[in-house]
Amino acid sequence: MRIVDHVNTWLAAHRSEVVGWRRHLHTHPEVAHHEHATTAFLADILRAHGLQPRLLPGTGLTVDIGPDDPQRPRLAFRADIDALHVAEATNLPFSSAVPGISHACGHDVHTTIAVALACALADLAADLATGPKETRQAGQIPPVRVIFQPAEEVLSGGASEVIEAGALDGVGSIYALHVEPKLPVGKVGLRNGAITSATDLLTIDVSGPGGHSSRPHLSADVVYALGKLATDLPGLLSRRVDPRTGTVLVFGSIAAGDAANAIPQSGRIRGTLRTADMGVWHGAEVLIKELVAQVLAPTGCAHHLDYLRGVPPVFNDAAATAILAEGAKVLGEEPVVEAPQSSGGEDFSWYLQEVPGSMARLGCWSGQGDPQDLHQGDLRVDERALDMGVRLFASVVEQHARG
């Protein structure tokens, strides 16, 4: 039995339907923890193909395909289903119908690939169950679980809640993909080890007695202290952390005061710390606390640091990445390229803290015009990437079926 051959045939027969699923999701985006209509839409599709999805607490769902075998761990695939607070500017006929919200993240593509894979495998399982005896004996689909996860786009991520709800129970390995608009359709970006970065959020509130700007020596200058943090803290960090770890601190917001001739009593600076190194991530909060105190000590200002830990790096398992590389061969000649290590965060990392797996970058650039970027309102995805993603995952299933 060739699972890939069946999936190719299934896609040829259902391509317009699959594209329709993607366009429906694209038109009706929902942000983190509000994906109620998306969850219901996916559940209806899965039930129509004879599957029994399990709804997760709040939003999201999982579905199992293939036999329950305590001796054989399930192979899992994860798709993220939430959208972004980004207004769409593509003018596509199926553009977002929700003002200020869109799938500029490409999650509608991830979700469509996952639901199409589940339906194709379900139809194959039904054919095997009702076919001739020799067909039933020729092989069967390995135990598979597809996870439709909410809330990837928020800092803490929805993955931890999904794991807590039991989505990884009985799972032996897990795979995911993310569209990459800088890669042409048909190419797959792979990388062993860290492919994304840990992402933490810093908010530092600085305070002092306030005063007149003509007499800064009689006060504690909050604005000066904020400036010191903005310039000195990243520099000091770069001298305390190995530069090969890809660690970077960038401030994106600074605010204090209203009057040009008054020293304010308070101010705030906010930024993100990113690193590709797990050891740096585990020690970052303690180090930042130490450095903030050192920077502010000479200013006389008080401060409060709110350090919010986000997600660890996505650390791809070498064996799982090799399976993806082998699977990508179904897409054509030399489809695999090395993916660069990204400073972006991805909560797929939480799954890889529990079981081995790998995330691929799926090319979605049509080759026309300049490549675009994620999280931008003008992002256009070449829908040929849908077939590529389903076929890639189907090849992973086939490799697991061969044992």
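## Salt bridges

The structure holds 23 salt bridges, each a side-chain nitrogen of Lys or Arg within 4 Å of a carboxyl oxygen of Asp or Glu. One of them joins Asp205 and Arg268, with the closest N and O atoms 2.6 Å apart. This pair links distant parts of the chain, 63 residues apart: Asp205 sits in strand E8 (residues 198–207) and Arg268 in strand E12 (residues 266–275). Helices (H or I, at least four residues) and strands (E, at least two) are DSSP runs, numbered from the N terminus. Asp205 is partly exposed at 23% relative accessible area, and Arg268 is partly exposed at 40%. Here buried means under 20% relative accessible area, exposed over 50%, and partly exposed in between (1.4 Å probe, protein chains only).

Glu285 and Lys289 form a salt bridge at 3.7 Å, N to O. Both lie in helix H7 (residues 278–296), 4 residues apart, about one turn of the helix. Glu285 has a relative accessible area of 24% and Lys289 one of 44%. Another salt bridge, at 2.9 Å, joins Glu326 and Lys329; Glu326 is partly exposed at 37%, whereas Lys329 is exposed at 54%. Arg2, Asp5, Glu398 and Arg402 are linked in a network of salt bridges.

## Model and conventions

This is a predicted model, in which local features need pLDDT of at least 70 and side-chain atom pairs count only at pLDDT 80 or more, while totals for chains, interfaces and linings use all residues. Residues are numbered from 1 along each chain as its sequence is written, and side-chain values use heavy atoms, with hydrogens and water left out.

## Nonpolar cores

A nonpolar core is a set of buried Ala, Val, Leu, Ile, Met, Phe, Trp, Tyr and Cys residues joined through side-chain atoms within 4.5 Å. The largest has 64 residues, and Trp21, Leu46, Phe77 and Phe148 have the most contacts inside it. Helix H3 (residues 107–130) supplies the largest share of this core, 13 residues. A second, separate core of 26 residues includes Ala220, Leu249, Val280 and Ala284.

Leaving aside residues up to four places away in sequence, Leu46 touches Leu51, Pro53, Leu61, Val63, Val115, Ala118, Cys119 and Phe148. Contact means heavy atoms within 4.5 Å.

## Overall build

The chain has 10 helices and 16 strands, and its C-alpha trace spans about 90 × 45 × 40 Å along its principal axes. Of its 403 residues, 52% are buried. Among contacts between residues at least 6 apart in sequence, 80% join residues at least 24 apart.
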